[in-house]
Amino acid sequence: MKNWFSTPLLTCLATTTFFSVSAQDDKALLKKAHKIHEKAFTIDTHADTPMLLSRGNFDVTKDNDPRTSNSKVDYPRMRRGGLDAIFWAVYLGQGPRTPEGHETAKKKAMGIFDAIDVTLKKTASEAALATTPEEAYQINKTGKRVIFLGVENGYPMGHDITLLKQFYDKGARYMTLCHSSNNDICDSSTDPKGAEYQGLSPLGEQVVGEMNRLGMMIDVSHVSDSTFYDVVRLSKVPIIASHSGAKAICDHPRNLTDDMLKALAKNGGVVQLNLLSDYVKTIPASPEREAAQKAMMEKWGVKDRRSMMGAMSKLSEDDQKKLREEFMDINKKYPVQLATVKDAVDHIDHMVKLIGIDHVGMGADFDGGGALADCFDVSQYENFTVEFLRRGYSKKDIEKIWGGNFFRVMKAVEKGKTTEIALK
Ligand SMILES: [Zn+2]
């Protein structure tokens, strides 16, 4: 999710209750949670930090204030939140599905890989790129943060399937097949035009084969239900949903139905919980906020929220800044109520009851809209371990949720890769 407009990405005054409930907790439980959290290898499988890195003026080594900087991830906060590893997404919004559109998207994607490369070179004393769990453990031993890469949206690949190998060689270990609209690979869960292929396109079927061959995880977050079932049917190895939730807990097209969760578990895959408040819990919108946003959109000639990003890209830098400031003013005046860690753990509870402990993990979508009242950025991740413990999850369970399950899938996908040439 990248639609900063529909989510409290920029600021949120409702977030000042930073886990004050902890004060009432049993001290021993908090101490135990801290110990478990420190010891567990913790992974978040989806963050859009590269969007900030690409803009060039973001310092990932600085302890940025989430309420003023529009940033949820940096190395100091990862350390404070006990987060060992994170997947940075090379994200491209869906653009024109033309040869020119694909060419532009490819160039942009390569530019994002380059920006990440520059950042990692500059900050080599604090973080390093990993492409396997083993590399991650090695990096972790040195005290550095572990950075993994994924590609969000297969759009930049266009029709050139050899691009997948290029993404893989640059370090990407998963690709989300589409974003919020259909692309040439598959149907999306949120395209207002509805289904186009009833699942994967013929190109999409080839993409699944090639990703299996390369040992690149297939990410079904954002895809339509029919695409999901096509992928499960075709993939020879387990799949992932890098940032999704349970539809039974929050009825949103981005979340997975119980039947899909069962199919994912049968496939051996893993669903990583998204912390985008709107996907965690439906909280009624404030009419005043809605009216203020509507007036702002009318003023800037934006048709609806969905077209906000497209409309913004046509504005001058100055106007974009003005629009962001107006959005922040609205947020200040009518703060958004956010879902909580407890609401999010309700998703985990549901999924664990339905498909067992081995198929869930964490993928917050920080820097892409993810934010909860009491887990507003990576620095507050320990609040989840506290809640897991409070609900009776064992140390072993917690370790599985924080990374064990995901690494199991990552290893299986790597192991399942073949040397056969799937495509000419
Ligand atoms: Zn997303």
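Where is Thr123 found? Thr123 is found in the loop between α5 (99-122) and β3 (127-129), where helices (H or I, at least four residues) and strands (E, at least two) are DSSP runs numbered from the N terminus. The structure described here is a predicted model, in which local features need pLDDT of at least 70 and side-chain atom pairs count only at pLDDT 80 or more, while totals for chains, interfaces and linings use all residues. Residues are numbered from 1 along each chain as its sequence is written, and side-chain values use heavy atoms, with hydrogens and water left out.

At 8% relative accessibility, Thr123 counts as buried; the term buried means under 20% relative accessible area, exposed means over 50%, and partly exposed lies in between (1.4 Å probe, protein chains only). Not counting residues up to four places away in sequence, Thr123 touches Val60, Thr61 and Tyr75, a contact being heavy atoms within 4.5 Å. Between Thr123 and Gly171 there are 48 residues in sequence and 17 Å in space, C-alpha to C-alpha.

For the overall layout, the chain is divided into domain 1 (13-283 + 337-415) and domain 2 (285-335), with bounds that come from an automatic or database domain assignment. The centres of domain 1 and domain 2, taken over C-alpha atoms, are separated by 27 Å.

The strands come next. Strand β2 (residues 85-91) is mostly covered, with seven of its seven residues buried. In a regular strand the side chains alternate between the two faces of the sheet. In β2 both faces are covered: Ala85, Phe87, Ala89 and Tyr91 are buried on one side, and Ile86, Trp88 and Val90 on the other. Two strands pair if DSSP finds at least two bridges between them. β2 pairs with β1 in the parallel sense over three bridges, and seven bridges join β2 to β4, which run parallel. On the β4 side, Tyr91 has Glu152 as its bridge partner. β1 is also mostly covered, five of its five residues being buried.

In soluble globular proteins, nonpolar side chains tend to be buried together. A nonpolar core is a set of buried Ala, Val, Leu, Ile, Met, Phe, Trp, Tyr and Cys residues joined through side-chain atoms within 4.5 Å. The largest such core here has 90 residues, and those with the most contacts inside it are Trp88, Phe167, Leu177, Leu275, Tyr381 and Phe384. Leaving aside neighbours within four places in sequence, Tyr381 is in contact with residues including His37, Asp44, Leu83, Leu275, Phe366 and Trp402. Apart from this core lies another, of 20 residues, among them Ala85, Phe87, Ile139 and Met217.

Aromatic rings form a further theme. The structure holds 14 aromatic pairs, where rings of Phe, Tyr and Trp (its six-membered ring) pair if their centres lie within 6.5 Å, and planes under 30 degrees apart count as stacked, over 60 as edge-to-face and the rest as tilted. The ring centres of Phe41 and Phe407 are 5.4 Å apart and their planes stand at 35°, so this pair is tilted. The pair links distant parts of the chain, 366 residues apart: Phe41 is in the loop between α1 (27-39) and β1 (43-47), and Phe407 in helix α17 (residues 395-415). Both Phe41 and Phe407 are buried. Phe407 also pairs with Phe148, with centres 6.0 Å apart and planes at 75°, so this pair is edge-to-face. Because Phe148 lies in strand β4 (residues 145-152) and Phe407 in helix α17, the pair ties together parts that are 259 residues apart in sequence. One aromatic cluster is formed by Phe41, Phe87, Tyr137, Phe148, Tyr174, Phe406 and Phe407.

Charged groups also meet rings. A charge sits over a ring if NZ of Lys or CZ of Arg is within 6 Å of the ring centre and within 35 degrees of the ring normal. The charged end of Lys72 sits over the ring of Phe376, 4.4 Å from its centre, and Arg173 lies over the face of Tyr168, at 3.5 Å from the ring centre.

Finally, Ile239, in the loop between α9 (225-234) and β7 (240-244), is buried with a relative accessible area of 0%. Among its contacts beyond four places in sequence are Phe228, Leu264, Asn267 and Val409. Leu264 and Asn267 are among the buried residues of helix α10 (residues 258-267), which pack against α9, β8 (270-273) and α15 (341-355). Just after α10, Gly268 takes a positive phi of about 90°.
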